Amino acid sequence: MKRLRQLALGVLLAVFVTSLLADFITPASYATQFRDSPNVGSSWKFPLGTDELGRDRFSRLIYGTRVSLLLGPAAALLSTLIAAMIGGAAGYIGGSTEQLAMSATDLFLSLPWFFLLLMARAMLPLNAGTWSSVIITFALLGLLGWPPTARIACAGAKSLRESDVILQARASGCHGLRLVMVHVVPNLAPTLFAQFWILIPVFIIGEANLGILGLGVAEPLPSWGNLLRELGDYTVIMSNPWSLAPAGLLLLVMSCFQIALSRKENSV
Amino acid sequence: MRRRLLFYLFLTWAVLCNTFAQSSGELCFSLHAEPKTFNPLQAADEASETVRYLTGGVLIRVNRKTQAFEPGLAVSWRVLDAGRKISFELRQGVSFSDGTPFSAEDVAFTMRALTDPGLHSPVGDSFRPASGSVSTTVSGTHRITISFPAPVAGLERLFDQLIIESSKSPQKEKAVLGPFCVADYKPGSYVLLRRNPYYWKRDDSGRQLPYLEYMRLDTQQSRETEMLRFRRGEIHLINNLDPGMFDRLAAVSPASARDAGPSLESEMMWFNQVPTSPLAGYKKIWFRSQNFRLAISEAINRNDIVRVVYHGHGSPAVGPFSPANRFWFNQSLKPPPFDPQAALRRLNQDGFRKEGGSLKDRDGHPVEFSLITNAGNKTRERIAAMVQQDLSQLGIRLNVVTLDFASLIERISQTFDYEACLLGLVNVDLDPDAQMNVWLSSADQHIWNPHQKSPETAWEAEMDRLMQGQATTIDPNVRKAYFDKVQEIVWQQAPFLYLVTRNALTAISPSVQNADPGVLWPQAFWNAERLRLTSDGAGGEK
């Protein structure tokens, strides 16, 4: 099992490094349209063939991986930090603060977040630029995805508050911010760290869902979401099996995350 | 003797079998949404209009192939009093689907219902005059005259949409005069139509139409599933095929894929020219410049869009009407040429300069704008991506933004917070009078700058004059001269940049006989009463 986890981490690292080196290893820009070669199959020039506009699938897959793998963790970090502040504070302080914070969290959980995302996306400035649209999309995912983690953080902080460790620290004269930074945060960190890992694939899939609706990362920048849109038409897959490559990579990365995650969870 | 008797019995049986085979059968196709109403006077969505087309009887029918008017429930008609009146001689011996006789009183009843403001009939909007009221004069049981307070251009075409309802039938709007009537309806599942036993039309051999016993309209939103079912032989027709699907079908079943040529549908983009819009001042100047609009138009390679996005099943668009509209299309106009150098020269005339790969206006602002389109429409997203690359050759940065449809409509019609928009145009009416709400500067669909109190430019004032002129003239040739000029102005001023006219692509199972798809809606089943199925009935891939 340990070897499998190491393999999974190795695959994740390889995929991540490859995507960072996209500028050097891709044969063409992700946006270049080879209009004389739309929808062609695999060849030396186009290792994974081309899409409907004649863009090199391989280049788009590598660049798309970079977008999703860079910004997925960023959004997860944002979400985890918000959750830690709201949930952690609520659980640690307790009383009416906890009730208020958890009511707000429940309210957030019950909101139709997908439609909120659509609304928020529609209200963005139109000339936001391609990279801005990417960052905004993931930032929205991060800003709206914190409530489940906040509940877990609250429960963790609450049990810490009543734990012997904190009681002893208080008895030793440790109070206020020092108590939080020295005793609460380090004890809560493994829980938050596990949540951070769980949220990464959730946000990558979330962006993919938005991309399938055409509301994720703006053209011509690729992401796993807009690359997966092609798979909506089964006849495309039949005629060009290479169009399955993004789905295959997504599956591989998600599986590797799950395998790597099992170790993190066990360590909590 | 016995042998001869057996022979005659066999012959009779064979004839009966053949007759049964011709009139029986259930033809299936998909509706992409649930019909919102079965009341023909209130139909506004495509699913309801489909049911209306297949079940309703009209006085005059536009032949979807020849585009000529044909007698329907009226055997003849005359336009009188310079377009203020139309007089019909009605067909005799016709009955509704429940056996109730049809008479002029039914036409008068329908007109009263149609023009009733309380009904809010979308069809009635075309008949309802701005002032005054429509009146009917019944002369005998089969003669009626309908009078309008003011002349109506292209009066006959209005009656292609007017489904006659019964004034006496206890079944009310369920009693119909068309080839089929509604037999069963399961919400979310299907609409089953049964042949109307009283339908008046007969084929050349005197046999009563329609040939089909049933038509089943399955509710099916997914185009991919629709194609899958077609290839399995579960449905027989598909209208408006996506070019990619069409090619894939043609590869496995060439006889099923039918390209009827240029349709009336085109894709177009336009710039926001609303003076009060929240855009930067310098952008408003760009978008209101004729040179800027024409330069963008010339920088777009329409042939590439046709080839790459439409797989060759389209043609570069010319203007508001495509060559599919045989009478009204201005034959002297050609698609705008693809000429990036000429585009750059035009931009130079307006003070634009290319510096370091980026185009800048006379004040040094880099030329960058956004193009919005509706999310989920892959064809438009591909067109936008191609326009984006074409404009990048001029140093223009185009940001493509896909929005959900409600947000897009709000931006283009209420807040005017957009720069350019890419959408499609679907012409269902051949007559330009139906486009008054687009070309008049005061109209709400004058989408680049709607609701003008008075025309803001000389060319819009001229278009107003020409459109009013064609609307108040009855002579079709004079009207065409007016609208030809409108098309020329649109070509020269480019308020809309027409990009591509798509072909009418349909899938028709080889088991369907007499299918003759046209370019006008409803392409594949416009002659539904003459369609029949071969005895095997299925047309899937073997």
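This is a predicted model: local features need pLDDT of at least 70, side-chain atom pairs count only at pLDDT 80 or more; totals for chains, interfaces and linings use all residues.

Biologist: How many residues of chain B are in contact with chain A?
Modeller: On the chain B side there are 38, and they meet 31 residues of chain A. The area buried between the two chains is about 2,700 Å², with carbon and sulfur atoms giving 47% of it.

Biologist: Which three residues supply more of chain B's share than any other three?
Modeller: Those are B:Arg248, B:Val308 and B:Gln389, which supply 19% of the area that chain B buries against chain A.

Biologist: And how many salt bridges does the rule find across the interface?
Modeller: It finds 4. One pairs A:Arg35 with B:Asp390, where the closest N and O atoms are 2.9 Å apart. There are also 7 residue pairs in polar contact across the interface.

Biologist: Which element gives the most to the side of chain B that touches chain A?
Modeller: That's α12(B), with 8 residues. Other contributors of two or more residues include α7 (243-252) and α13 (405-415) of chain B. By type, that side of chain B divides into 13 nonpolar, 9 polar and 16 charged residues.

Biologist: Switching topic: what span should helix α15 of chain B have?
Modeller: Its 14 residues, 458-471, should span 20 Å at 1.5 Å a residue, and the end C-alpha atoms are 20 Å apart, so the two agree.

Biologist: Which residues in α15(B) are buried?
Modeller: Among them are B:Trp459, B:Met463, B:Leu466 and B:Met467.

Biologist: What covers them?
Modeller: The cover over the buried residues of α15(B) includes α9 (290-299), α14 (436-439) and α16 (476-493) of chain B.

Note on methods
Residues are numbered from 1 along each chain as its sequence is written. Chains are lettered from A and ligands numbered from 1 in the order in which they are written. Side-chain values use heavy atoms; hydrogens and water are left out. Contact means heavy atoms within 4.5 Å. Buried area is the accessible area (1.4 Å probe) that two parts lose on being put together, summed over both. A salt bridge is a side-chain nitrogen of Lys or Arg within 4 Å of a carboxyl oxygen of Asp or Glu. A polar contact is a pair of N or O atoms within 3.5 Å; within protein, one must be able to donate a hydrogen and the other to accept it, and residues adjacent in sequence count only if both atoms are side-chain atoms. Helices (H or I, at least four residues) and strands (E, at least two) are DSSP runs, numbered from the N terminus. Ala, Val, Leu, Ile, Met, Phe, Trp, Tyr, Cys and Pro count as nonpolar, Asp, Glu, Lys and Arg as charged, and the others, Gly among them, as polar. The expected span of a helix is 1.5 Å times one less than its number of residues. Buried means under 20% relative accessible area, exposed over 50%, partly exposed in between (1.4 Å probe, protein chains only).
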